[in-house]
Amino acid sequence: MSSSHRFLLAGLALTLLSSTAWAAPETLSLANGDKVTGEIVSRSDREVVIEHSALGRLVIPAEALAPMPEDKPGLLGTRVLRGWSRTLGLGLTGSEGNTDESSLRISLGLDRETDDTRWNIEGAYKISTADDDRDDHFGHVITRHDWLYEGSRWFARTGGQYFYDEFEDWKHRVGFMAGPGYQLIKRETVGFDLSAGLAATYEFGDKKQVRPEAYVGFELSWKPGEAHKLSFSNTFFQQLDESEIRNRTRAEWRMRILGSEHLSVIFGADNEYDSDADDASNNLRYWTSLDYSF
């Protein structure tokens, strides 16, 4: 069975496993000590609307809810990463038969947003083998920092990235970017950001080159329910001193498992088109993993 078939079968199994997450019940603690369990219909700073199995739809004012414990405490009771959302992902596949194949993917994500700043840091590492020969070996770390302006949808963005790919002629890629952005849609369930600016990329390995670039991109996120989140992004890079272009696309579907607050199944794919590539111009990767939020 090919790796793509195994990916689809694993995805189907995990989808069936998490299908109940669409209507996973949640329990709310009230200030008077009572608890209410049901499906959350909507949530805002003023109230929570919940569908109760016996009482029907209830509107609970925010002041009637018990104070929430600290949402994102630091690691091991310290102040390290206090206020940050943290996810650790693991994807592992393997097969034996006519072809022995195995694949390991590890990822780590860090996010933090306040009234005046947003941070996003993500890293991933993957290695896969077929008949004891490596056929994929890569890793990356991407950092993004946005400065938000009170009362405005505009923001300023800076970012840095490092990529390693054993099977690319550049092997290592380091890049930096900076420019303005605009929050075209800013809602609790939908976000749509536009950004543009200048970037510089240095590639080294079997060949070396510096790429001064201009970029334009967008990021779309949608939460169709309490247990699901879909995201899609695309960034286009135009080299300033040459006619070469790059285009990076990423899609991800995150599903909470059986109402768990910490475990999610992730389906993702990213593709980079590079007109300067010596081999295939498109480099498509897709994955499925189990993520733990902590």
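Which residue of S16 does Glu272 stand opposite? Glu272 stands opposite Asn283 in S16. The model is a predicted one, in which local features need pLDDT of at least 70, side-chain atom pairs count only at pLDDT 80 or more, and totals for chains, interfaces and linings use all residues. Residues are numbered from 1 along each chain as its sequence is written, and side-chain values use heavy atoms, with hydrogens and water left out. The chain has 1 helix and 16 strands; helices (H or I, at least four residues) and strands (E, at least two) are DSSP runs, numbered from the N terminus.

- Two strands are taken as paired if DSSP finds at least two bridges between them.
- Strands of a sheet pair through backbone hydrogen bonds, either parallel or antiparallel.
- Strand S7 (residues 117-130) and strand S8 (residues 133-148) run antiparallel and are joined by 14 bridges.
- Within this pairing, Ile127 stands opposite His137 in S8.

**Strand S15 and its neighbours**

- S15 is largely enclosed by the rest of the structure, because 9 of its 12 residues are buried (under 20% relative accessible area, with exposed meaning over 50% and partly exposed in between, using a 1.4 Å probe and protein chains only).
- On one side, S14 and S15 run antiparallel and are joined by 11 bridges; here Arg248 stands opposite Glu272 in S15.
- S14 and S15 form a hairpin with 6 residues between them, and Leu258 in the turn has a positive phi of about 45°.
- S15 also pairs with strand S16 (residues 282-293), in the antiparallel sense and over 11 bridges.

**Aromatic rings and charges**

- The whole structure holds 8 aromatic pairs, where rings of Phe, Tyr and Trp (its six-membered ring) pair if their centres lie within 6.5 Å; planes under 30 degrees apart count as stacked, over 60 as edge-to-face and the rest as tilted.
- One of these pairs is formed by Phe218 and Phe232, which are tilted at 35° between the planes and lie 5.9 Å centre to centre.
- Phe218 lies in strand S12 (residues 209-225) and Phe232 in strand S13 (residues 228-239), so the pair ties together parts that are 14 residues apart in sequence.
- Phe218 counts as partly exposed at 24% relative accessibility, and Phe232 counts as partly exposed at 34%.
- The pair of Trp253 and Phe267 is tilted, because the ring centres are 6.1 Å apart and the planes stand at 45°.
- This pair links distant parts of the chain, with Trp253 in strand S14 (residues 245-256) and Phe267 in strand S15 (residues 263-274), 14 residues apart.
- Trp253 counts as partly exposed at 29% relative accessibility, whereas Phe267 counts as buried at 13%.
- Ring pairs also link Phe192, Phe218 and Phe232 into a cluster.
- The charged end of Arg105 sits over the ring of Trp287, 4.1 Å from its centre; a charge sits over a ring if NZ of Lys or CZ of Arg is within 6 Å of the ring centre and within 35 degrees of the ring normal.

**The chain as a whole**

- Of its 294 residues, 35% count as buried.
- Among contacts (heavy atoms within 4.5 Å) between residues at least 6 apart in sequence, 43% join residues at least 24 apart.
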